[in-house]
Amino acid sequence: MSSTGIRDRVAIVGMGCTRFGELWDQGTNDLLTDAAVECTTSAGVAIDAIDAFWLGTLGAGNSGITLSKPLKIGYKPVTRVENFCATGSEAFRNACYAVASGAYELVMAIGVEKLKDSGYSGLTGIHKVGDGTNAALSSPAAFSFLVPAYCHKYGVDPDEMSSVLNRIAWKNHRNGAVNPRAQYQKEVSLEKIAASPRVAGQLGVFDCSGVSDGAAAAIICRAEDAYKYTDSPLYVKGLSLVAGPAAGAIDPDYDYTSFEEVVRSAADAYQQAGVDDPRSQLAMAEVHDCFTPTELVLMEDLGFADRGTAWKEVMAGTFDRDGELPVNPDGGLKSFGHPIGATGLRMLFECWLQLRQEAPPERQIAAVTEGRRTLGLTHNLGGAPGECVSFVGVVGTERSE
Amino acid sequence: MEPGIVSWGVYLPYWRLERRAIGQAFGTGGGKGSRAVASYDEDTTSMAVEAGRRALTPPGVPEPADLFFSTPAPAYLDKTNATTVHAGLGLASGSGAYDLCGSVRSSWATLQLAALAGARAPALAVVADLRTGLPGGPDETQGGDGAVAFLFAAEGGVTQQLGHASCTDEFLDRWRVPGETASRQWEDRFGEEAYLPLARSAFERALADAGIAAGDVDHLVVSGLQARAVAGLKKSLGVPADRVAPDHAGVIGNLGAAQTGLALADVLERATVGQVVVVVELADGADAVVLRTTGALPAVQEARREAGLTAVADLVGEGRSDLDYAVYLSWRGMLHREPPRRPDPERPDAPASRRTEGWKFGFNASRCTVCGFRHLPPTRVCLSCQSVDQMTSERMADLRGTVATFTIDHLAFSLSPPMVGAVIDFDGGGRYRGEMTDVDPGSVAVGTRVAMTFRRLYTTEGVHNYFWKARPVSDGSLGEMDGSEPEVNRAEGAATS
């Protein structure tokens with residue numbers, strides 16, 4: 001895959017993020033307003049100063065009017081984007097390219113989802129015309145395919161695998177417990193996680209991310225203009241999004257222990273960002289832990305662990321907040337739930353706080369505060385094993401050259 | 001070479017309900033034996049496809065030019081159900097498919113019609129029944145579900161028709177107003193009295209037509225839902241008891257419209273050359289036919305064994321009998337179970353279903369003629385070599401596969417949760433992710449062998465969603481469908497359909 005990238009050509013100069021949760025008292029318009037206002041306040045600009053907008057949402061609304069109407073944005077370009085669970089990151093990526101192209105000076109990427117009003121458990125699809133032959137498996141079921149396949153390939157005992165998955169859930173809830181914006185702000189014991197009722201395959205309730213409402217936003221400008229708005233911008237180092245040919249779903253060679261889309265998008269983003277050893281170079285990573293086995297496999301696909309070893313690294317605490325490479329220090333989808341359009345920007349918000357040393361002291365990352373590392377990664381996955389889109393982004397506080 | 005039956009297929013569902021379970025539920029106790037039960041994802045149309053597949057399995061069987069389908073429990077009214085069966089069997093669009101639905105007696109007409117049509121061009125008769133009744137009643141305990149199919153052709157018949165006769169009378173023995181969930185029946189003794197003289201007359205006149213004496217009958221089949229009359233006739237027609245064909249009703253129940261076919265298939269699997277078979281069916285009158293087996297029979301019997309088709313006598317003893325009565329009631333819509341807090345499944349859209357008929361109903365893959373990669377569902381662009389429109393269509397329904405990975409889904413909508421999902425890799429290439437059925441969730445493993453079966457996934461807004469599922473097979477037993485090489489599609493149409 002060849003891409004030249006836009007390393008250090010644009011910067012994030014303001015961000016906002018609502019609390020995520022079962023927000024019965026807030027509608028889509030409220031969430032968009034709160035995120036946008038926090039974001040513009042953070043950058044010290046009025047909404048009128050923004051030249052163009054990218055709105056990411058799967059189902060909260062159609063068209064740019066979903067944003068321009070509640071915020072009374074006057075006659076500006078507003079683009080609504082959707083790319084499954086990578087929707088928030090996709091809004092951000094396109095906004096960055098608009099600035100890098102020179103078309104606009106100051107833009108906003110904003111994502112929202114209002115899931116809790118549906119009245120259903122879990123995510124629900126949107127009606128598509130069809131012949132009724134698509135297997136109506138739930139999302140946890142589609143991701144649970146990873147578990148027996150991983151165990152089979154690497155000879156991991158199913159009980160050992162349960163401990164690994166439980167520890168991922170435990171770690172992310174532990175991080176979320178000290179995050180006032182998280183949906184769940186409580187630590188959960190390993191015993192409670194292990195005893196949760198089964199949802200699909202080997203996955204219990206605590207192996208699944210929650211269902212929540214939320215919104216998040218970022219303001220992006222040309223790198224050379226960044227200091228007009230903030231003393232501590234975040235520079236965009238690499239952005240990669242790939243959509244796979246859905247090979248795994250139809251190719252018997254696919255073994256359900258990896259996401260090729262993630263491998264490809266990570267390699268592309270690393271090449272753009274000049275990262276050659278992510279485990280030692282990244283200060284933190286926010287990854288798409290929609291289900292615990294997803295996070296396990298991502299550790300290998302993103303190059304944080306060698307093939308077949310991530311389960312051992314998880315048990316060794318490598319990805320804990322005080323580990324070698326903290327993963328999901330804000331609590332991840334596990335603690336935040338997954339309002340689709342907002343998630344990618346929520347991940348970026350944790351990079352914004354951590355890398356600029358604005359995270360609360362109880363969850364600050366040592367490698368940042370000690371000045372050893374300056375890069376953060378966000379990763380989104382949309383779809384299911386064998387058939388997905390993947391986004392990898394790298395941001396950092398230092399501008400190269 | 002005689003015109004007549006050249007092949008047959010019998011389908012019995014996987015599930016048996018112990019009659020004792022019904023007695024226990026009502027606290028009345030009692031109940032012996034069991035009945036065959038169509039699963040939550042089966043109906044008369046899907047069972048008809050399964051019976052038809054079995055009839056068309058032996059190599060060299062001619063392709064039917066006409067298909068006649070009969071059931072007293074049709075999945076659709078106004079719309080033809082035989083077209084679904086036709087599509088499920090992957091038959092060519094240049095052939096006929098007709099319903100003869102409504103009463104049990106329609107099944108006799110269906111077989112006769114196919115026999116007549118078959119003398120000109122191969123004709124397939126398929127009869128299916130799904131016997132329901134009010135909870136605790138005799139129709140529920142004594143009924144059974146299943147389907148049979150008979151293929152008739154101008155040559156190579158294993159039977160020759162020697163004679164036949166019919167009697168008709170108008171009387172109320174059993175009936176059902178359209179829309180009702182159960183049939184009603186007049187007092188037993190009345191029906192018995194009405195049927196006995198009609199059936200005797202039909203039997204005697206058929207024998208006279210054939211020039212055969214009762215003592216020359218080698219196999220006597222008597223069927224019907226009037227149990228007292230049927231039992232009485234078996235003893236009183238002058239045919240020795242050891243020549244009366246078994247009905248297997250103790251284990252599978254009375255299959256109603258399909259009972260005659262089941263017993264006849266059983267006889268044909270055991271009969272020898274030159275034997276006389278008399279079939280009498282009681283249904284609002286009586287019909288009788290006298291057949292003689294021909295010299296073609298042994299080769300057909302042998303071909304069926306070689307094709308891995310299970311004999312009726314063995315099929316009856318298969319199946320799984322630990323079905324809970326409450327689950328059975330929920331399958332039949334007699335007990336409304338709390339659904340998961342999930343949206344209703346989506347209605348299949350008519351234009352999309354028509355465009356993908358070869359996939360949805362025929363389970364056809366597309367194989368790239370450049371590199372050989374097989375795609376399920378069919379696609380126009382090859383995943384492996386990116387060639388465009390270089391595909392040939394292949395029927396996958398009769399191939400075996402292996403489970404690559406699997407899950408038990410407690411969240412997904414299912415009429416009988418949990419849903420079992422699996423990734424299936426087919427022999428000879430091709431992967432498909434779908435549902436499993438007739439399966440014990442605890443016994444699925446990576447490596448489990450499966451065969452495909454035609455099912456009704458669910459019904460939304462009055463539209464039945466038919467498609468294929470995988471079911472576990474142990475090679476050589478329940479899975480009669482043995483196919484190492486894919487058949488060339490019978491269906492016409494685009495390679496990508």
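How many residues from chain B and from chain A does the contact take? Select both chains: the contact takes 39 residues from chain B and 32 residues from chain A, where two residues are in contact if their C-beta atoms, placed from the backbone, lie within 7 Å.

This is a predicted model, in which local features need pLDDT of at least 70 and side-chain atom pairs count only at pLDDT 80 or more, while totals for chains, interfaces and linings use all residues. Residues are numbered from 1 along each chain as its sequence is written, and chains are lettered from A and ligands numbered from 1 in the order in which they are written.

**Stop 1: the chain B side of the contact**

Colour strand E17 (400-409) of chain B. E17(B) gives the most to the side of chain B that touches chain A, with 5 residues. Helices (H or I, at least four residues) and strands (E, at least two) are DSSP runs, numbered from the N terminus. Other elements giving two or more residues to this side include helix H13 (350-355) and strand E21 (463-472) of chain B. By class, the side of chain B that touches chain A has 19 nonpolar, 10 polar and 10 charged residues. Here Ala, Val, Leu, Ile, Met, Phe, Trp, Tyr, Cys and Pro count as nonpolar, Asp, Glu, Lys and Arg as charged, and the others, Gly among them, as polar.

**Stop 2**

A residue is buried if 20 or more other C-beta atoms lie within 10 Å of its own, exposed if 12 or fewer, and partly exposed in between. B:Thr460 stands opposite B:Val463. The hairpin has 2 residues between the strands, and B:Glu461 takes a positive phi near 50 degrees.

**Stop 3: an exposed loop residue**

Next select B:His336, in the loop between helix H12 (325-331) and H13 of chain B. Is this residue buried or exposed? B:His336 is exposed, because 8 other C-beta atoms lie within 10 Å.

**Stop 4: an open sheet in chain B**

Show strands E8, E13, E12 and E11 of chain B; they form an open sheet in the order E8-E13-E12-E11, with mixed pairing. The edge strands are E8 (159-168) and E11 (219-224) of chain B, each pairing on one side only. E8(B) pairs with strand E13 (residues 285-293) of chain B in the antiparallel sense over 9 bridges. Within that pair, B:Ser166 stands opposite B:Asp287.

**Stop 5: the domains of chain A**

Move to chain A, which is divided into domain 1 (10-118 + 213-228) and domain 2 (139-210 + 235-396); the bounds come from an automatic or database domain assignment. Their centres, taken over C-alpha atoms, are separated by 24 Å. In the contact between them, 35 residues of domain 1 of chain A meet 33 residues of domain 2 of chain A. H3(A) supplies the largest share of the domain 1 side, 7 residues.

Finish on helix H3 (residues 87-100) of chain A and helix H13 (residues 340-355) of chain A. Among the residues that meet there are A:Phe92 in H3(A) and A:Leu348 in H13(A). The contact of H3(A) with H13(A) divides into 5 nonpolar, 6 polar and no charged residues.

Key
Pairing = 2+ DSSP bridges. Axes fitted to C-alpha atoms, helices over the stretch in contact; angles between N-to-C directions.
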